[in-house]
Amino acid sequence: MTIDVAVVGAGPAGLAAATRCARLGLATTLFDEQPAPGGQIWRGVTAIPPDRARLFGPEYARGEGEVDALLASNASYVPNAAVWSSRLLADATIELGVSVRAGGAGATRMVRARAAILAPGAQERPFAIPGWTLPGVMTLGATQILLKTSGVIPQGRVVLAGCGPLLWLGAAQLMDAGVAVDALLETVPRGRLREALKHAPAFMASPYFRKGLDLARRVRRRTRVVEFVDALAADGDARVTAVRYAVDGREHVLPVDHLLLHQGVVPAIDLAGAAGCALAWNDAHACFEPVADAWGGTSVASLYVAGDGAGIAGADAASARGALAALAVANALGRIDHHDRDRAAVPLVRALAVARRGRAFFDALYRPADAFRMPTGDTLVCRCEEVTARDVVRAARDGCVGPNQAKAWLRCGMGPCQGRNCALTVTELIAQARGVAPGDVGTYRHRAPVKPLTLAELASVPVTPDALAAVVRD
């Protein structure tokens, strides 16, 4: 059986895409790895207690309406579904490998769709500092997941470190939840604000300006903010016990029980890459992202990307981009003509422009400093295979030309995370050592399965005549 549209990911983009496709009369199925819709930004929104929901503000509450709209549509919704492959077939349909992990057991099936919209969202950027693998050191995003899903907060001495709007938002949310944050160590370099000021007019006219001012005041009133941190390390043996940081070369030490790291988010590109979508280096964001047109169309026919998985722009932009991709799919599948598509797109394009207004200021201000994107010495880069920055640089100087060759030389990117925690760092270290641009170095080659599978899930993949012919001789 072939459905009209498969949507992957139930965050703002995926919810908008699936709801719009279903309303346009397309047979639509939304697959999501989580047990409930909402993605990271609206995680747990349908089940969270009201007192905890208030910690995340009105933008979080809006997610409940988006989930309700999906469930009221004719779209099929499949939770606990890990989509681990995507490929274009000869008949121009998209085939997805899906493992549905309900009740602890995984049932694998291959799903065919006339078109697919990938909305995997974002992941936190790798933040490789000395000691970042110690127990007690975790990402701020992981802390938010614990708070949203279980109401769990870190206890004891808590320090946040890094940069980006979400660092400040996370600090405010944790403090509202009762966490006594000892300090916020901001790694924005000196002079960066001056560089960002050329984008200030658009930022001041955006919704971000007033929200940002209010957020900064709230955080500064309740904790100590240390600016211009230019070196950072976690100390400890069995677990983190202190954080060392430097400002203008002068070192300081803070005792900690929990160190929460964050330096922005980057698109989750694994599934798009495995499908063969062209990827390009975005230097403003210092990351790779799928090459896509204004509708989310990629270099692979019938495959679209939407939301932060197509390029970081925030939840409001993700919703608009998801709906735009749905209109493009409906047009491509003959449900609406291009006149109806373009008319319906007008308010979405307008909303997208509003959502993007001011983003250039954030991008310029919060682009992570080189020192925190490209570690040195014995700092672990690939935590799965315990490969250090020195190992990667030495390999590059010995002739290793890119991350895929580094896999063979060093095994970096070969562990359970499949390179998610080291890909960008390895790319930039090799590029720096070779004196070339990161886009020329490339990233790891993405291959199915892009998610870890159990042997039982792999064994339950349906056997097709083509698969038999590939391994059985007459």
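1. How many of the 8 residues of strand 4 (residues 81-88) are buried? The count is 6, and the strand is mostly covered. Buried means under 20% relative accessible area, exposed means over 50%, and partly exposed lies in between (1.4 Å probe, protein chains only). Helices (H or I, at least four residues) and strands (E, at least two) are DSSP runs, numbered from the N terminus.

2. This is a predicted model, in which local features need pLDDT of at least 70 and side-chain atom pairs count only at pLDDT 80 or more, while totals for chains, interfaces and linings use all residues. Residues are numbered from 1 along each chain as its sequence is written, and side-chain values use heavy atoms, with hydrogens and water left out.

3. Strand 4 pairs with strand 5 (residues 94-100) in the antiparallel sense, over 7 bridges. Two strands count as paired if DSSP finds at least two bridges between them. Across this pair, Arg-87 stands opposite Glu-95. The two strands form a hairpin with 5 residues between them, and Ala-92 in the turn has a positive phi of about 70°. Asn-80, in the loop between strand 3 (76-78) and strand 4, also has a positive phi, near 55°, in a residue other than glycine. Asn-80 has a relative accessible area of 24% and therefore counts as partly exposed.

4. Strand 9 (residues 158-163) has 6 of its 6 residues buried. In a regular strand the side chains alternate between the two faces of the sheet. Here both faces are covered: Val-158, Leu-160 and Gly-162 are buried on one side, and Val-159, Ala-161 and Cys-163 on the other.

5. Strand 9 has parallel pairings with strand 15 (residues 258-263), over 6 bridges, and with strand 10 (residues 181-186), over 5 bridges. Ala-161 takes part in both: Leu-261 stands opposite it in strand 15, and Leu-185 is its bridge partner in strand 10.

6. A separate point concerns an open sheet of 3 strands, with the order 12-13-14 and antiparallel pairing. Its edge strands, each pairing on one side only, are strand 12 (229-236) and strand 14 (250-255). The twist averages 20° from one strand to the next. Strand 12 and strand 13 (residues 240-247) are joined over 7 bridges, and Leu-232 stands opposite Tyr-245 of strand 13.

7. The largest nonpolar core has 70 residues, of which Val-5, Ile-117, Leu-160, Trp-168, Leu-184, Val-219 and Val-329 touch the most other members. Such a core is a set of buried Ala, Val, Leu, Ile, Met, Phe, Trp, Tyr and Cys residues joined through side-chain atoms within 4.5 Å. Helix 10 (residues 315-332) supplies the largest share, 11 residues.

8. Contact means heavy atoms within 4.5 Å. Leaving aside residues up to four places away in sequence, Ile-117 touches residues including Val-5, Cys-21, Tyr-304, Ala-326 and Val-329. Ala-326 is in helix 10 and counts as buried because its relative accessibility is 0%. Beyond its neighbours within four places in sequence, Ala-326 is in contact with Ala-17, Arg-20, Cys-21, Leu-24 and Ile-117. Ala-326 and Ala-16 are 310 residues apart in sequence, with 8.1 Å between their C-alpha atoms.

9. Helix 4 (residues 140-150) and helix 5 (residues 165-176) pack at an angle of about 35°, with axes 10 Å apart. Axes are lines fitted to C-alpha atoms, for helices over the stretch in contact, and angles run from 0 to 180 degrees between N-to-C directions. Helix 4 contributes Leu-140, Thr-143, Gln-144 and Leu-147 to the contact, and helix 5 contributes Leu-166, Leu-167, Gly-170, Gln-173 and Leu-174.

10. Some loop residues deserve a look. A cis peptide bond, with omega about 0°, joins Ala-448 and Pro-449, and Pro-449 lies in the loop between helix 17 and helix 18. Pro-452 lies in the loop between helix 17 (438-441) and helix 18 (455-459). Not counting residues up to four places away in sequence, Pro-452 touches Arg-101, Pro-416, Gln-418 and Glu-457. Arg-411, in the loop between helix 15 (403-410) and helix 16 (423-434), has a positive phi of about 70° although it is not a glycine. With a relative accessible area of 42%, Arg-411 is partly exposed.
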